[in-house]
Amino acid sequence: MDAKLYLPFVESFFEVLPDFGFKELRRGKLALKDKLVAAANVNVLVGLSQDLRGNIAYSMTEETARGVASFMIGAASEEFDEMAKSAVAELANMLTSKAAVSFERSGLLVNVSPPTLITGENITLLSHVRILAVEIITDAGLIEANISLEV
Amino acid sequence: MPGSGSYTEFFGAALKENLAEMAGLDCIVGETRPQQETFSSKGLAVIVGITGKRQGLVVLDIGKESARRLCELIDGESYSLEDEFVLHTLAEFVNIVTGHAVTLINDAHKGLHLEMTPPSLFLGSELKITGYKIKTEVFEADTPVGKMTVTIGFKGGRSGGR
């Protein structure tokens with residue numbers, strides 16, 4: 001596994017989240033998982049194509065998602081309503097796009113697909129390749145970036 | 001052969017052809033209609049992103065029992081509802097159908113250069129799916145193993161290129 005290909009997705013958190021007022025930000029556990037993983041209730045999927053193909057599923061509890069949305073919107077999100085959902089999806093888009101810019105600087109052209117929000121109960125995610133799960137601990141709670149790359 | 005309509009009809013054609021070739025199944029493709037921004041899943045949703053000159057997404061949604069029966073026909077094996085092979089086969093089936101549709105679209109609309117991301121599959125209860133910044137359309141496919149729905153959306157709307 002080439003760590004250089006995974007690092008931009010982690011660095012994005014530390015570059016993007018402070019702009020929205022996040023102060024506590026640290027990396028938690030790293031785990032190489034099988035292709036089938038249990039996911040939290042709120043997931044945003046963003047796909048990658050061209051020089052680097054794969055998917056990133058940003059996974060969090062609804063409580064964390066409401067907290068993330070509160071930072072993004074700048075006001076408390078009591079409910080996980082449409083505005084909060086849109087804010088969380090936009091954050092996933094920004095994080096992945098930031099990583100894509102970083103790849104471009106090193107000569108890899110990476111296209112990013114629009115974010116898709118998946119919510120529900122007892123969610124399992126299947127990827128076509130193994131998943132590197134990276135925990136990011138924030139003021140709003142834990143966000144798990146499930147990164148699957150065709151490398 | 002799809003002609004002048006929105007991109008969605010290419011997905012209907014690709015689904016019909018691949019169901020016949022891979023599973024020996026006939027399929028009646030229903031009318032295309034606008035999809036709600038947030039829609040409920042039957043239980044299994046395979047999502048493929050689209051990039052290129054137009055960005056979008058494709059979601060094939062199917063119930064677990066229909067997925068099991070479809071994958072048994074594709075693989076020629078007997079599967080239980082819990083069998084992981086069902087999930088892998090379904091994801092690959094959607095990958096092939098989307099790839100076929102994208103090729104048809106790129107052939108019909110030179111310069112569009114659509115590409116696709118690898119498939120991801122979500123399984124769960126009370127699944128709800130929302131595509132952001134895109135307008136989606138949906139059609140239902142009626143097959144002998146059950147119904148499946150295909151949602152297609154592109155940024156800018158209409159799921160079409162004109």
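Student: How much of chain A is buried?
Tutor: A residue is buried if 20 or more other C-beta atoms, placed from the backbone, lie within 10 Å of its own, exposed if 12 or fewer, and partly exposed in between. This is a predicted model, where local features need pLDDT of at least 70, side-chain atom pairs count only at pLDDT 80 or more, and totals for chains, interfaces and linings use all residues. Residues are numbered from 1 along each chain as its sequence is written, while chains are lettered from A and ligands numbered from 1 in the order in which they are written. Of the 151 residues in chain A, the buried share is 47%.

Student: And what is the buried share in chain B?
Tutor: Chain B has 162 residues, and the cut-off for burial is the one above. The share that counts as buried is 49%.

Student: Which pattern do the elements of chain B follow?
Tutor: Helices (H or I, at least four residues) and strands (E, at least two) are DSSP runs, numbered from the N terminus. Chain B has 3 helices and 9 strands. Along the sequence they give α-β-β-β-β-β-α-α-β-β-β-β.

Student: What is the radius of gyration of chain B?
Tutor: That radius is taken over C-alpha atoms, and the globule rule is 2.2 Å times the number of residues to the power 0.38. For 162 residues the rule gives 15 Å, and chain B comes close to that, so it is as compact as a globular protein of that length. Its C-alpha atoms fill a box of roughly 45 × 30 × 25 Å along the principal axes. The radius of gyration of chain B is 15 Å.

Student: What distance separates the end C-alpha atoms of helix 3 of chain B?
Tutor: The expected span of a helix is 1.5 Å times one less than its number of residues. Helix 3 covers residues 84-108, which is 25 residues, so it should span 36 Å. The model agrees with that, as the end C-alpha atoms are apart by 37 Å.

Student: Which strand gives the most to the side of chain B that touches chain A?
Tutor: Two residues are in contact if their C-beta atoms, placed from the backbone, lie within 7 Å, and 31 residues of chain B are in contact with 32 residues of chain A. With 12 residues, the biggest giver on the chain B side is strand 7 of chain B.

Student: Is Met116(B) buried or exposed?
Tutor: Met116(B) sits in strand 6 of chain B. Among the residues it touches are Ser49(A), Val48(B) and Val102(B). Because it has 23 C-beta neighbours inside 10 Å, Met116(B) is buried.

Key
Lists of a residue's contacts leave out its neighbours within four places in sequence.
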